[in-house]
Amino acid sequence: MTMRAPLPQHDARLRFEHLPPLSLYVHLPWCVRKCPYCDFNSYEARGALPDFEYVDALVRDLRAELPLVQGRAVETIFFGGGTPSLFSGEAITRLLEAVRAELELAPDVEITLEANPGAVDTARFAAFRAAGVNRLSIGVQSFRAEQLRALGRVHGADEARAAVATARSAGFDNINVDLMYGLPNDEVDGAVADLEHALALAPTHLSWYQLTLEPNTAFERRPPSLPDDEVVARTEERGRALLAAEGYARYEISAYARPGRRCVHNLNYWEFGDYLGLGAGAHGKTTLAAAGEIARRAKTRNPRTYALRAGAADAATEERIGKPKQAALEFLMNALRLVDGASSDTFAARAGQPAEAVAAARAAGVARGWLTSEPDRLQATPLGLERLNRLLELFA
Ligand SMILES: C[S@@+](CC[C@H](N)C(=O)[O-])C[C@H]1O[C@@H](n2cnc3c(N)ncnc32)[C@H](O)[C@@H]1O
Ligand code: SF4
């Protein structure tokens with residue numbers, strides 16, 4: 001008689017008692033011009049956008065994904081890009097009507113659309129608002145003419161201000177402004193002045209990103225001269241103090257919000273919630289409770305190929321995460337970006353395992369001063385937020 005191999009001591013399967021909140025990301029991949037620093041899946045629009053054809057593809061894509069999220073309500077929708085504000089009001093209306101026909105939306109659903117100040121039109125903004133979009137995210141980047149030129153932007157500072165005014169007159173009261181710092185040859189005073197200009201527009205939310213040189217961009221091929229670490233550190237120190245004084249609380253590495261105005265969509269990513277990703281190059285993540293797995297799906301990146309394949313069986317690639325260590329690491333890669341981190345209960349519910357599974361790595365993080373010793377929380381200290389990659393290595 002052969003002996004059976006002993007069962008492993010630990011139960012190496014993910015367990016999910018409840019499903020997390022569900023979001024919907026929709027990628028609209030065209031821009032007026034490709035910015036030299038940008039590695040998003042975006043393409044210069046040549047001629048008229050095939051917006052209705054693309055919307056039809058998105059609807060086929062959505063219908064094919066429905067079995068993954070049967071019976072669940074959508075809490076947030078985010079139109080990202082690319083430059084979604086290049087799409088017509090009619091196209092966005094048609095898409096949102098199709099989404100409402102296929103999926104239940106939460107009564108307080110947050111619907112964000114990204115806009116570029118070089119692609120703003122009053123009637124179009126009003127049509128987005130009428131279609132149900134209730135949050136606009138405007139890519140301003142800088143108010144300095146020489147920086148906007150260096151960044152290859154298609155707009156000036158006045159157009160950025162006008163975009164915010166147009167958004168308000170179209171009925172938007174929830175507006176994010178994207179700004180970047182650490183720009184080519186940047187100085188502390190100039191970067192802080194950019195923030196002051198942005199704050200004078202009184203947005204409800206501000207995303208303040210340090211410029212990074214990304215692979216496969218024009219800036220990677222011909223790097224501009226970037227400020228040194230000390231300039232960046234002093235910019236951050238002064239900028240964060242200014243934002244706090246103006247009532248914008250930092251809640252993630254680059255995100256600052258007025259009370260009650262955090263971006264619910266991005267929070268769902270950072271808290272390891274679920275999301276469907278529709279559109280060229282879009283990614284989705286869904287919890288498969290019965291299988292004890294997390295599915296990650298990605299759509300083909302080329303918009304034309306995407307439009308041809310959308311809805312077909314070969315339109316997406318799928319990876320399944322079933323190993324506790326990988327699920328824990330992916331949870332922490334997101335949640336530790338949040339200033340408040342995540343509770344042990346959220347970890348257990350979303351990473352499918354008890355928080356004790358990462359107790360040893362957590363203790364090592366606390367010992368190094370990278371994690372707080374707050375009971376029942378996984379939370380980076382300010383030093384840990386600065387050294388997030390090294391902190392995450394403890395869990396790898
Ligand atoms: C998809 S874009 C936003 C909307 C629109 N496409 C625009 O640029 O006006 C998202 C944001 O990411 C930021 N971003 C893009 N590339 C970046 C980089 N290399 N480093 C830092 N931030 C970057 C920019 O602030 C940009 O507004
Ligand atoms: S407009 Fe936005 S998405 Fe388009 S290339 Fe520039 S930064 Fe990237």
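This is a predicted model: local features need pLDDT of at least 70, side-chain atom pairs count only at pLDDT 80 or more; totals for chains, interfaces and linings use all residues.
I sorted the residues of the shell around ligand 2 by type and got four nonpolar, four polar and three charged.

Ligand 2 is surrounded by Cys-31, Arg-33, Lys-34, Cys-35, Tyr-37, Cys-38, Ser-42, Gly-82, Thr-83, Asn-116 and Arg-153. For the charged group I picked out Arg-33, Lys-34 and Arg-153.

Then I moved on to Thr-166. I found Thr-166 in helix H5, which covers residues 157-169. Is Thr-166 buried or exposed? Its relative accessible area is 14%, and the cut-off for buried is under 20%, so Thr-166 counts as buried. I also checked where its side chain goes: it reaches the backbone oxygen of Ala-162 at 2.7 Å. Skipping residues up to four places away in sequence, I saw Thr-166 touch Val-120, Asp-121, Thr-122 and Phe-125.

Last stop was Arg-309. Helix H10 spans residues 303-309, and Arg-309 sits in it. I looked up its relative accessible area, and the value is 33%. That lies between 20% and 50%, so I wrote Arg-309 down as partly exposed. Which residues does Arg-309 contact, leaving aside its neighbours within four places in sequence? I noted Thr-300, Asp-314 and Ala-315.

I also took one distance along the way. Arg-309 and Asn-389 are 80 residues apart along the chain, and their C-alpha atoms are separated by 36 Å.

Technical notes: Residues are numbered from 1 along each chain as its sequence is written. Chains are lettered from A and ligands numbered from 1 in the order in which they are written. Side-chain values use heavy atoms; hydrogens and water are left out. A residue is near a molecule or strand if one of its heavy atoms lies within 4 Å of it. Helices (H or I, at least four residues) and strands (E, at least two) are DSSP runs, numbered from the N terminus. Buried means under 20% relative accessible area, exposed over 50%, partly exposed in between (1.4 Å probe, protein chains only). A polar contact is a pair of N or O atoms within 3.5 Å; within protein, one must be able to donate a hydrogen and the other to accept it, and residues adjacent in sequence count only if both atoms are side-chain atoms. Contact means heavy atoms within 4.5 Å.
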